[in-house]
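Please examine the sequence and the model shown here.

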Amino acid sequence: MGKVYVFDHPLIQHKLTFIRDKNTGTKEFRELVDEVATLMAFEITRDMPLEEVETETPVVTAKTKVLAGKKMAIVPILRAGLGMVDGMLKLIPAAKVAHIGLYRDPETLQPVEYYAKFPADIEERDFYVVDPMLATGGSAIEAINSLKKRGATSIKFMCLIAAPEGVEALQKAHPDVDIYIAAKDEKLNDHGYIVPGLGDAGDRLFGTK
């Protein structure tokens, strides 16, 4: 079963309070999501493999470390996931950015893919699927399905706030995917919103209703 990591870093928790606050405006909300994504990227990359190289310092030749292993790609689930991309790229600027768009079928209420664009070397990359919210888990599950169908084998999921129902559904559907969250909230309400949550992340990021 994939592990669930809840980030309790004081800076993340502090910023998350203002992300939740209904009085936080679009500009500040966007900046805070960007900052928390950077802080989470620092944690999520903790286990990246290193290799030793020789470096000429102004004093001597030294044995130092650089990143080794697979190349990386960030996959925002459109549209709210876009709010987390720049924050991650600050730390891992060489990462490719893929995109996946999903909408909910009004009849079945299931997510349907309407757009997908991935790097050509999909089998060689570590993928980080990002979305501010993990509510029912439907979009995250479908996004990861889409990656796996195209040959991805190394996938992690990262979000700001998750409902227990979403975490459980994602773990059941994709037991090989680790989940990284800033806060695990209480529940989903009857409308599928996370409680206490932060409202609609897409609307708050882009100033729409």
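The questions and answers below take these topics in turn. This is a predicted model, in which local features need pLDDT of at least 70, side-chain atom pairs count only at pLDDT 80 or more, and totals for chains, interfaces and linings use all residues. Residues are numbered from 1 along each chain as its sequence is written, and side-chain values use heavy atoms, with hydrogens and water left out.

Q: What is the volume of the largest pocket?
A: On a 1 Å grid over the protein atoms alone, a pocket is an open set of points where a 1.4 Å probe fits, with protein on both sides within 12 Å along at least five of seven lines. Points are joined across faces, edges and corners, and the volume is the space filled by probe spheres set on them. For the largest pocket this volume is about 960 Å³.

Q: Which element gives the most to the lining of the largest pocket?
A: Lining residues have an atom within 4 Å of a grid point, and the largest pocket has 31 of them, with Arg 104, Asp 131, Ala 135, Ser 139 and Asp 200 nearest its centre. Helices (H or I, at least four residues) and strands (E, at least two) are DSSP runs numbered from the N terminus. Elements that each supply at least two lining residues include β4 (71-78), β6 (99-104) and α6 (201-206). The greatest contribution, five residues, comes from α4.

Q: How many charged residues are in the lining of the largest pocket?
A: Ala, Val, Leu, Ile, Met, Phe, Trp, Tyr, Cys and Pro count as nonpolar, Asp, Glu, Lys and Arg as charged, and the others, Gly among them, as polar. By these classes the lining has 17 nonpolar and nine polar residues, and the charged residues number five.

Q: Which residues make the nonpolar surface patch of about 330 Å²?
A: Such a patch joins nonpolar side chains (Val, Leu, Ile, Met, Phe, Trp, Tyr) within 5 Å, from residues with over 30% relative accessible area and no salt bridge; areas come from the Shrake-Rupley method with a 1.4 Å probe. The patch is made by Tyr 103, Tyr 114 and Tyr 115.

Q: Is Asp 185 buried or exposed?
A: The side chains of Asp 185 and Arg 20 meet in a salt bridge at 2.7 Å, N to O, where a salt bridge is a side-chain nitrogen of Lys or Arg within 4 Å of a carboxyl oxygen of Asp or Glu. The pair links distant parts of the chain, 165 residues apart, with Asp 185 in the loop between β11 and β12 and Arg 20 in helix α1. Buried means under 20% relative accessible area, exposed over 50%, and partly exposed in between. Arg 20, at 25%, is partly exposed, whereas Asp 185, at 9%, is buried.

Q: Why are Glu 31 and Lys 27 separated by about one helical turn?
A: Glu 31 and Lys 27 form a salt bridge (2.8 Å, N to O). Glu 31 is partly exposed at 36%, and Lys 27 is exposed at 59%. The separation is about one helical turn because the two lie in helix α2, four residues apart.

Definitions and conventions. Patches are made of residues with over 30% relative accessible area and no salt bridge: like charges are joined within 9 Å, nonpolar side chains (Val, Leu, Ile, Met, Phe, Trp, Tyr) within 5 Å. Buried means under 20% relative accessible area, exposed over 50%, partly exposed in between (1.4 Å probe, protein chains only).
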